[in-house]
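Colleague: Please pick one part of this model and go through it closely. I would like to know who sits beside whom, and how that was counted.

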Amino acid sequence: MAVEAARLTIRITLPDGSVREVPAGTTARQVAEQISQGLARAATSAKVNGETWDLSRPINQDASVEILKEDGPDALYVLRHSSAHALATAVRQLYPGAGIGFGPPIDDGFYYDFEVPRPFTPEDLAQIEEKMREVAKEDQQFARREVSREEARELFKGDPLKLERLEELGPDEIISVYTNGPFVDLCRGPHLPGTGRIRHFKLLHGAGAYWRGDSRRQMLQRIYGTAWYKKADLDQYLHRLEEASKRDHRMLGKQLDLFSIQEDVGPGLIFWHPKGAVIQFQLRRLIEDEVLKRGYDLVYTPHITREDLFRRSGHLPLYEHNQYPAMGAGAGESDEVRYRAKPMNCPGHVLIYSSRQRSYRDLPIRLAEVANVYRNELSGTLHGLLRVRGLTMDDAHIFCREDQIEEEIFQMLDLTDHILGKVFGLDYRLDLATRPEKKIGNDEAWDVAEQALAKALERRGLKYGMDVGGGAFYGPKIDVKVRDAIGREWQGTTIQLDYQLPLRFELEYIGSDNKPHRPVMMHRAIYGTIERFVGLLIEHFVGAFPVWLAPEQVRVIPITDDQAPAAKKIHERLRATAVRSHLDDRNETLNYRIRDGELMKVPYIVVVGAREVEQGTVAVRARGAGNKQEILPLDAFEQRLAAEIASRSLVLGKI
RNA sequence: GCUGACGUAGCUCAACGGUAGAGCAGCUGAUUUGUAAUCAGCAGGCUAAGGGUUCGAUUCCCUUCGUCAGCUCCA
């Protein structure tokens with residue numbers, strides 16, 4: 001204590017490496033003012049020894065200090081955090097009894113959760129936004145204060161949600177509260193100097209949200225908003241939201257006539273129209289060809305099975321909430337027999353494995369099946385193709401010896417990269433998901449399994465994140481998150497290790513020691529599900545598929561009826577070489593038909609006029625190329641097209 | 001499943017509690033087109049379904065189904 005008191009000055013190191021000696025207790029704002037008034041005005045917060053701090057918080061020790069202006073993610077987080085407080089301030093003024101939950105900054109914005117007797121209506125939101133503008137105009141200063149636990153309890157005695165949070169703070173944690181105008185919040189901070197810096201914001205929507213994210217607890221009313229330092233940034237963000245909705249696969253699916261979901265049949269069940277079915281067909285072909293090259297065998301298994309199978313596998317009762325209820329027995333069977341639609345293929349593949357004796361020489365056995373399964377997903381979670389109840393998994397199960405695990409995982413990661421990275425050009429991110437709360441099997445087995453996955457990932461030199469508690473109930477997994485063009489992440493590929501099913505089904509192989517051993521089992525799906533994958537592809541390509549995947553690859557358009565027979569011949573010749581060609585000889589203008597072809601995102605429009613018929617050429621218009629057409633002999637076009645399809649080129653016109 | 005909003009022609013959208021409309025698509029005819037919408041005519045609806053209030057309901061209320069956003073869950 002005596003030593004500290006003796007230190008009247010501290011050393012502040014700035015980003016450029018320069019050092020300033022200032023009195024202890026100097027704030028970042030004072031440091032900024034020393035540098036320049038302009039910097040002080042532009043400052044939003046500061047990085048003190050790597051932590052984001054309020055400008056007004058006294059610095060009492062030697063520190064590195066960086067003044068944060070309005071650019072950069074940290075400064076935006078501060079703005080949005082303060083915006084959340086301004087929102088809560090407004091809500092508290094309009095609804096004095098409102099309980100306050102959490103109000104954090106998030107990507108692109110912020111939210112705050114309120115406990116109110118009646119949910120907010122859109123009109124309420126407009127009114128709240130108005131009030132929030134007043135709060136911003138008043139430029140209420142944010143004041144940070146550290147308080148004792150007792151003091152905090154007193155401060156928030158009317159806020160049960162805050163009290164609950166308060167009691168979770170550890171004994172060593174600093175309890176800080178922030179005050180702006182009439183509003184006090186238990187909050188770690190940091191904040192802007194005042195609400196006056198919150199200028200360009202918009203409340204987006206309200207929604208229910210469970211307190212603490214727990215569906216057993218009360219539902220609070222969450223208000224989402226976005227905030228930016230510059231008006232241009234706000235406008236750009238709102239514009240981006242609009243653009244994003246234009247590439248929504250549900251809308252494009254309708255426009256391009258790819259698929260439908262019909263109320264008469266039920267939610268989450270997909271009708272693949274001819275054009276969408278083409279895409280599914282190509283994906284099936286691709287993966288089936290590829291796994292055959294990689295030593296898998298294809299199998300087919302029943303869609304319904306006796307429910308005892310799922311009892312033995314452990315799906316019942318653990319996974320029952322996701323399964324459709326049991327249906328009755330087949331004719332002639334006992335009334336006590338029940339059947340279930342399969343939610344997963346693993347038990348079926350296990351039965352193929354166990355249908356005969358296996359030798360260590362047979363392993364690994366890799367069984368693949370592009371199969372439909374049915375899962376009774378909660379209605380509120382369904383979302384176009386991205387979350388459905390009738391799923392088509394490109395599923396496979398690998399049965400192998402312990403010493404083969406790492407190599408098999410390694411190979412699966414290679415297959416994943418081949419399909420996602422090379423063929424489709426998608427960026428993806430890996431997560432290692434560990435044991436969940438609801439699980440089967442003991443912790444020792446989980447330890448071994450989790451380590452095996454980590455080892456394979458590391459051997460491949462892949463970066464991965466941890467998803468603690470995110471594993472399947474039967475084993476840990478490596479999940480692949482695919483980012484679509486809008487930036488949202490979806491789980492696609494999944495690679496799962498499973499020690500449980502082999503145990504439950506008492507799987508065996510005869511080892512070189514002539515004794516029975518238990519194989520290890522792995523589950524994996526590269527696309528994840530065809531539905532989700534196609535949905536992602538639609539959004540990724542904005543419906544403009546590469547030629548090999550395009551439902552309609554070529555549209556042949558005769559200029560007048562005189563060329564219709566010749567155009568028909570060209571179309572039929574293309575179709576005979578398995579090119580997906582369509583003839584558009586409708587009684588419409590050329591412009592009309594070109595426009596229609598472009599809107600349907602057909603890669604190549606082949607125009608046939610009198611000159612082309614005479615010379616045996618075609619006038620090819622590539623999608624999106626405007627009126628830059630290319631005239632070439634039909635043979636040459638055919639060859640180029642064939643090469644482009646065969647190479648699965650992602651870029652139009654490139655082989 | 002939960003909270004809220006929404007559901008009108010094939011699609012996108014209008015219509016104070018007072019006879020349901022438009023554009024596109026479709027059909028018929030004219031037109032025969034050289035690279036993003038030719039013209040005219042016609043047809044298209046138990047306003048998601050069911051119940052209620054009312055002289056009268058697309059409009060107000062209730063129930064069910066579905067969609068959307070978010071939460072929870074998940075491929």
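Modeller: I will take the surface near the RNA. A polar side-chain atom of Thr589 is 2.8 Å from a phosphate oxygen of RNA strand B, a polar contact being a pair of N or O atoms within 3.5 Å. This is a predicted model, in which local features need pLDDT of at least 70 and side-chain atom pairs pLDDT 80 or more, while totals for chains, interfaces and linings use all residues. Residues are numbered from 1 along each chain as its sequence is written, chains are lettered from A and ligands numbered from 1 in the order written, and side-chain values use heavy atoms, without hydrogens and water.

Thr529 reaches a base instead, with a polar side-chain atom 3.3 Å from a base nitrogen of RNA strand B.

Around RNA strand B there are 55 residues, each with a heavy atom within 4 Å of it. Ser379, Gln491, Asn587, Arg595 and Gln629 come nearest. Seen from the RNA side, sugar and phosphate make up 53% of the atoms of RNA strand B that come within 4 Å of the protein.

By residue type, this surface has 19 nonpolar, 19 polar and 17 charged residues; Asp, Glu, Lys and Arg count as charged, and Gly as polar. Helices (H or I, at least four residues) and strands (E, at least two) are DSSP runs.

For orientation, two other places in the chain follow. An open sheet of 5 strands has the order E2-E1-E7-E4-E5, with mixed pairing; strands pair if DSSP finds at least two bridges between them. Strands E2 (19-23) and E5 (51-53) are the edges, each pairing on one side only. E4 (residues 45-48) pairs with E5 in the antiparallel sense over 3 bridges, and Lys47 stands opposite Thr52 in E5.

Ala326 belongs to the loop between helix H12 (315-318) and strand E20 (339-341). Its C-alpha is 9.9 Å from that of Ile304, a residue 22 places away in sequence.

Note on methods: Polar contact = N/O pair within 3.5 Å; in protein donor to acceptor, adjacent residues only side chain to side chain.
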